[in-house]
Amino acid sequence: MVRGFPRTPHESEAHMGLMDGKVVVVVGVANKRSIAWGIAKALADAGARLALNFQNERMAESVQKLAEELPNKPFLAPCDVTVQGDLERFFEALGAEFGRIDGLVHSIATAKREELGGKFRDTSWDGYALSQQVSAWSLIPMGRLAAPLMEGRSGAIVSLTYYGAEKVVDGYNVMGVAKAALEANTRYLAADLGPQDIRVNAISAGPIKTVSAMGVSGFSGILDAVEQKAPLRRNVTQEDVGKCALFLLSELSSAITGQVIYVDSGYSILGI
Ligand code: NAD
């Protein structure tokens, strides 16, 4: 170390204060492996006040337990985007608790397990509709319901996508189509909400071992390919994604909207 030269601060210290006074809603924490949990921790370390959802009563306890690890107790409320009226009730509760919000993270997706593998041609309408509803469509009402709470706040919305939206990834099937829709939704929502000073971006994360990801057949092969071929020769972590989300939700990204930002060790730049 050069004498008198400041030591590199610990990562969480480096971001301290970046989100002071901001309220961010993180939708999609299920357990400690969830990408949303990595994002929540990065935001909390940077000073944000958080609100988290839990999908149903079965998941309430594990989310509550995790929430205790955060420096400040987050607001918790149920929200299953397939349950009629749940999104409206969730945002109403957020309005009652905070009056306004600065950021929103959409980190949810689902598909029928049997359709994350096998022949794409066998995709059912039910499976297609479910994956679209949860993984893509839900971003639209979330944007609509968040917008009034973000009025005059320079709001930011971030969703999570994957490379399988643009290239065929073995086994990803119906979810690839949902992610393509999610990325298009990101652009349309960005254009719609931009005049209200609300930015909407997506993070295209490299593969991370989470409960959802383990449902994709051949997932460990996808992890291996990144480790062997990506420019950085390593897989990405929750922390890598958390830092990018922090950037996209903070004023550091003040003129970035409608974009898909890759946090994938560079894998997406490769040809064959
Ligand atoms: P995860 O299983 O931890 O999170 C998925 C979340 O979706 C859970 O919290 C679950 O409760 C929620 N969810 C599912 N159906 C829902 C519904 N009807 N209503 C409300 N919530 C619902 O997995 P994850 O990998 O952290 O996934 C988070 C996001 O990241 C997803 O959009 C996923 O596609 C995306 N992503 C994941 C990877 C990866 O490799 N893990 C890579 C790129 C993008």
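1. Charges first: Lys and Arg count as positive and Asp and Glu as negative, while His and the chain ends are not counted. A charge is placed at NZ of Lys, CZ of Arg, CG of Asp or CD of Glu. On that basis the protein chain has 27 positive and 30 negative side chains. The centres of the two sets lie 5 Å apart.

2. This is a predicted model, in which local features need pLDDT of at least 70, side-chain atom pairs count only at pLDDT 80 or more, and totals for chains, interfaces and linings use all residues. Residues are numbered from 1 along each chain as its sequence is written, and side-chain values use heavy atoms, with hydrogens and water left out.

3. The protein chain has 10 helices and 7 strands. These are DSSP runs, numbered from the N terminus: helices are H or I with at least four residues, strands are E with at least two.

4. Now the overall form. Along the principal axes, the C-alpha atoms fill a box of roughly 55 × 55 × 40 Å.

5. Buried residues make up 51% of the 272 residues. Buried means under 20% relative accessible area, exposed over 50%, and partly exposed in between (1.4 Å probe, protein chains only).

6. Contact means heavy atoms within 4.5 Å. Of the contacts with a separation of 6 or more, 76% join residues 24 or more positions apart.

7. A nonpolar core is a set of buried Ala, Val, Leu, Ile, Met, Phe, Trp, Tyr and Cys residues joined through side-chain atoms within 4.5 Å. The largest has 36 residues. Those touching the most other members are Val-24, Val-26, Leu-43, Leu-50, Ile-203, Val-241 and Leu-249. Elements that each supply at least two residues include strand E1 (23-27), strand E6 (199-205) and helix H10 (238-249). Helix H2 gives the most, with 7 residues.

8. A second, separate core has 32 residues, among them Phe-75, Leu-104, Ile-108 and Ile-198.

9. Finally, Ala-213. Its place is in helix H8 (residues 211-214). Ala-213 counts as buried because its relative accessibility is 12%. Leaving aside neighbours within four places in sequence, Ala-213 is in contact with Ile-208 and Phe-219. Ser-34 is 179 residues apart from Ala-213 along the chain, yet their C-alpha atoms are separated by 9.9 Å.
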